[in-house]
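Please open the model in your viewer and keep the sequence panel beside it, so that each selection can be followed in both places.

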Amino acid sequence: MIVGVVTFLLYLMPVVTGALADRFGYKRMFIIAYLAMTPAYYLLGQFTSYSGFFFGYLLVAMGAAIFKPVVVGTVARTTDETNSQLGFGVFYMMVNIGGFFGPLIAGILRNPQPDGSSEWSNIFTASAVWIACNLIWVTFFFKEPTTESKSESKRTIGKVFSDCVEVLGNLRLFICLFGALILLLMAGQGYVTWKNALLYGSSWILLNLLVDLGLWVNERKQGASLLPRMYFGNWRFALYLLILSGFWTSFNQIFLTMNLYIRDFVNTEPLLKTAASVLSFLNLNGWSASVTEYAAAGGQVNPEYLVNIDAGSIVLFQILISLIVQRMGRFPGMIVGITIASIGIGLACISGGGSVGTLHASVWIVIAGIFVFSIGEMMASPTSQEYIGSIAPKDKVAMYMGYYFVAMALGNLFGGVLSGHLYGTFARDHGAPHIMWAIFGGLGILTAIALALYNRFAVVRNSNDQE
């Protein structure tokens with residue numbers, strides 16, 4: 001729940017921070033982000049209470065919310081129509097180099113002990129040091145790609161926020177939807193029941209619609225009203241983000257749920273035996289003996305190492321996949337990618353279940369599923385970001401990229417909630433994780449179908465678009 005709620009806020013804040021970056025400059029926002037995240041990461045390793053850790057994680061999220069739209073906006077501003085898909089592919093590969101080595105280094109730094117304890121603070125201290133190093137790169141090597149921050153005709157802060165709101169709709173619409181999301185957050189934290197949250201949320205939306213109906217009737221009779229009615233600014237953009245939230249809900253299960261599934265159900269001993277055989281074949285007999293001894297003692301492969309197959313595959317194959325998607329076209333690439341990723345998620349449903357701790361699910365099927373998922377991710381994720389960069393006005397790229405993260409915010413919120421409830425209900429309580437994985441895979445397939453319909457009926461075509 002901590003991950004779901006805080007990452008929801010993390011991906012919601014770029015709507016504002018992206019708009020500010022276009023106005024004040026990317027370099028300045030990078031520096032602010034790093035200055036915020038450096039102490040925040042360190043503090044994460046010091047807190048021991050729920051509220052303290054939640055606060056520390058929220059500080060990290062605030063810094064990351066400044067960073068994310070700026071780095072993606074930089075890629076969008078420094079590429080053009082001829083190389084943007086490849087450019088975002090390179091960017092995504094670089095992200096996953098960090099994503100690959102991060103868990104490996106974290107697994108060493110936390111120094112897991114036989115009794116199950118770990119020195120978690122080491123990871124957060126090291127993270128703070130690495131984040132601080134970014135201040136060196138950005139100060140001496142980053143070239144400012146924006147123009148507004150240096151121009152004579154800068155927007156006022158009021159205009160920045162006005163533009164920020166008007167992209168998807170007016171303030172009335174934002175208040176209505178945000179009120180409903182707050183109720184979902186309260187339900188996620190246990191302050192209200194899910195039944196009441198849905199009841200109050202539906203009532204709140206219905207109330208706003210009734211107010212709008214009254215305003216419409218009043219306008220028909222007397223003209224303009226003092227209170228504006230709700231309206232969507234760019235409904236196509238809003239619909240695209242809503243559809244993508246389904247992809248991110250399914251996508252996040254690789255990181256939110258797969259680790260728990262591997263820990264509780266998957267027997268990784270066959271992988272250790274295979275590794276020992278390979279090491280022996282390479283005449284690395286000492287290492288082979290160590291792995292064999294570890295496996296004989298009941299040792300298992302750390303879940304984060306198996307999930308890391310996803311990042312490793314992206315590092316190796318992202319450029320190739322990006323070149324393929326560039327030939328396919330944006331929407332075909334995204335639709336096929338989401339479908340493949342959903343199949344990868346769904347493969348886990350045939351790997352095995354049983355009671356928690358039995359460890360008899362097939363590690364080979366899990367590995368195959370993670371690899372298949374990574375292929376789909378390589379096709380869909382960078383392309384979905386590149387599409388936003390292609391349709392955004394050049395002077396508002398970071399702001400539009402900030403809105404892209406709204407889809408990820410919803411995906412983290414819904415994904416976090418679904419992860420906890422479905423894992424608790426099906427995997428832990430009933431020993432049926434296959435039902436949970438089938439639901440996540442099915443959600444991804446529905447998203448691919450929705451995106452295909454969107455591409456067919458909602459996308460405005462130009463000469464460079466492909467169906």
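This is a predicted model: local features need pLDDT of at least 70, side-chain atom pairs count only at pLDDT 80 or more; totals for chains, interfaces and linings use all residues.

Begin by selecting residues 330-347, which form helix H17. This helix has 18 residues and reaches 26 Å from its first C-alpha to its last, close to the 26 Å expected at 1.5 Å a residue. If you colour H17 by accessibility, you will find that 13 of its 18 residues are buried, so the helix is largely enclosed by the rest of the structure.

To see where the two helices meet, show side chains for Tyr 240, Phe 247 and Ser 250 in H10, and for Phe 331, Met 334, Ile 338, Ala 341 and Ile 345 in H17.

Now move to Ser 288, which lies in helix H14, residues 285-296. Ser 288 is buried, with a relative accessible area of 9%, and, leaving aside neighbours within four places in sequence, it is in contact with Ala 276, Leu 279 and Ser 280.

Is Cys 176 buried or exposed? Cys 176 is buried, at 2% relative accessible area, whereas Cys 349 counts as partly exposed, at 26% relative accessibility. A search of the whole structure finds zero disulfides.

Technical notes: Residues are numbered from 1 along each chain as its sequence is written. Side-chain values use heavy atoms; hydrogens and water are left out. Helices (H or I, at least four residues) and strands (E, at least two) are DSSP runs, numbered from the N terminus. Buried means under 20% relative accessible area, exposed over 50%, partly exposed in between (1.4 Å probe, protein chains only). Contact means heavy atoms within 4.5 Å. A disulfide is a pair of cysteine sulfur atoms within 2.5 Å. The expected span of a helix is 1.5 Å times one less than its number of residues.
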